[in-house]
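Please keep the sequence and the structure in view while reading.

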Amino acid sequence: MARSKKEYKTPIGAIPKIVNNFKPKTDNQRLFHLKIGDFNNQLILCHGIAGTGKTYVSIYKALQDILRRGTPYDKLIIINPTVDVGNEDKLGFLPGELQSKIQQYNESTFTILDKIIGKAKASKMIHDGKIEIGVLNFLRGVNLENCYVILDEAQNVSPMQIKTLMTRISENCKMIIQGDMSQCDKYKMNGITAYEKSGFYDAWFRLKGVDGVDHLAFDREDCIRHPLVKRILKTYEDEHEIKL
């Protein structure tokens, strides 16, 4: 039986000490953190352009709940599609075992983990199975329970893949699906991004108003990288603006 909101809130312990504590830099970062923490939101869809901090915030909140005594979450599963920039999925052609194949697609994930909890702690949690790097290709038939699941770069996932992932949600599973539709590498037509074919775009509108699902869209003003990045993004957004 699923835990009620009251059962979840009363027994949990103090917020664990994390190497790099989260301090929101924008209102939307703060809102995203709150939406993830809302027990009624079992699935959160987040669209954000480059540099808005969506991956940092989602991983931080997930680790916070996993490390906090009394929450129902035992581990964090992070999934990145194995799609190269501007190319189709080439995982099967890469040399080495599966783990070494997916390593290159998760370098930014490992960097964020190291920043949030430190390299030693991150390595230990991976060794202990508290953090897993998942692969979409092997999720069919799996029940995702007592865990956080973060699908990053979701703009490069097909409608069938994203459906398969979402229908794996089981008891005490919190899922965050996030990406940037303007950087869709898998779906292109004549060199132009065809983000409407993405499973992320499809799910964004298909799940509007569904109980237990929440949405958040960052915008250009939420970009916290170098000011030049904002100016660069403006030139692209004015030409190919995505309406959500």
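Helices (H or I, at least four residues) and strands (E, at least two) are taken here as DSSP runs, and they are numbered from the N terminus. In that scheme the protein chain has 9 helices and 8 strands, and asparagine 146, to which the text returns below, has its place in the loop between β3 (131-134) and β4. This is a predicted model, in which local features need pLDDT of at least 70 and side-chain atom pairs count only at pLDDT 80 or more, while totals for chains, interfaces and linings use all residues. Residues are numbered from 1 along each chain as its sequence is written, and side-chain values use heavy atoms, with hydrogens and water left out.

Confidence comes first. The pLDDT, which is the predictor's confidence in each residue on a scale from 0 to 100, averages 83 over the protein chain, and 80% of the residues score at least 70. The mean is lowest in helix α1 (residues 5-9), at 46, and highest in strand β1 (residues 43-47), at 98. Over residues 3-10 the pLDDT stays under 50, and the model has 13 contacts for this stretch beyond four places in sequence, a contact being heavy atoms within 4.5 Å. Residues 84-89 also have a pLDDT below 50, with 12 contacts in the model beyond near neighbours in sequence. Where pLDDT is low, the predicted coordinates should not be read in detail.

For the chain as a whole, buried residues make up 50% of the 244 residues, where buried means under 20% relative accessible area, exposed means over 50%, and partly exposed lies in between (1.4 Å probe, protein chains only). Among the contacts with a separation of 6 or more, 77% are accounted for by residues 24 or more positions apart.

How do the helices pack? Helix α3 (residues 54-67) and helix α5 (residues 107-117) pack at an angle of about 55 degrees, with their axes 10 Å apart; such axes are lines fitted to C-alpha atoms, for helices over the stretch in contact, and the angles run from 0 to 180 degrees between N-to-C directions. That angle makes α3 oblique to α5, because angles under 35 degrees count as roughly parallel, over 145 as roughly antiparallel, 65 to 115 as roughly perpendicular and the rest as oblique. The crossing of α3 and α5 is right-handed, a crossing being right-handed if the near helix is turned clockwise from the far one by less than a right angle, and left-handed if anticlockwise. From α3, Thr55, Tyr56, Ile59, Tyr60, Leu63 and Leu67 meet Thr109, Ile112, Leu113, Lys115, Ile116 and Ile117 of α5. By class, this contact of α3 with α5 has 9 nonpolar, 2 polar and 1 charged residues, with Ala, Val, Leu, Ile, Met, Phe, Trp, Tyr, Cys and Pro counted as nonpolar, Asp, Glu, Lys and Arg as charged, and the others, Gly among them, as polar.

A second pair is formed by helix α7 (residues 159-166) and helix α8 (residues 199-206), which pack at an angle of about 55 degrees with their axes 7 Å apart. This makes α7 oblique to α8, and α7 passes α8 in a right-handed crossing. Pro159, Ile162 and Met166 of α7 make the contact with Gly199, Phe200, Asp202 and Ala203 of α8, a set that divides into 5 nonpolar, 1 polar and 1 charged residues. The buried residues of α7 are Ile162, Thr164, Leu165 and Met166, and what covers them includes β1, β2 (75-79), β4 (147-151), β5 (173-179) and α8.

Some single residues complete the picture. Proline 16, in the loop between α1 and α2 (27-37), is buried, with a relative accessible area of 16%. Leaving aside neighbours within four places in sequence, proline 16 is in contact with Gln64, Leu67 and Arg68.

Asparagine 146 has a positive phi of about 55 degrees although it is not a glycine, and asparagine 146 is partly exposed at a relative accessible area of 25%. Glutamate 153, in the loop between β4 and α7, likewise has a positive phi, near 50 degrees, in a residue other than glycine, and at 37% relative accessibility glutamate 153 counts as partly exposed. Lysine 234, finally, is found in helix α9 (residues 227-239) and counts as partly exposed at 39% relative accessibility; its C-alpha atom is separated by 7.4 Å from that of arginine 220, 14 residues apart along the chain.
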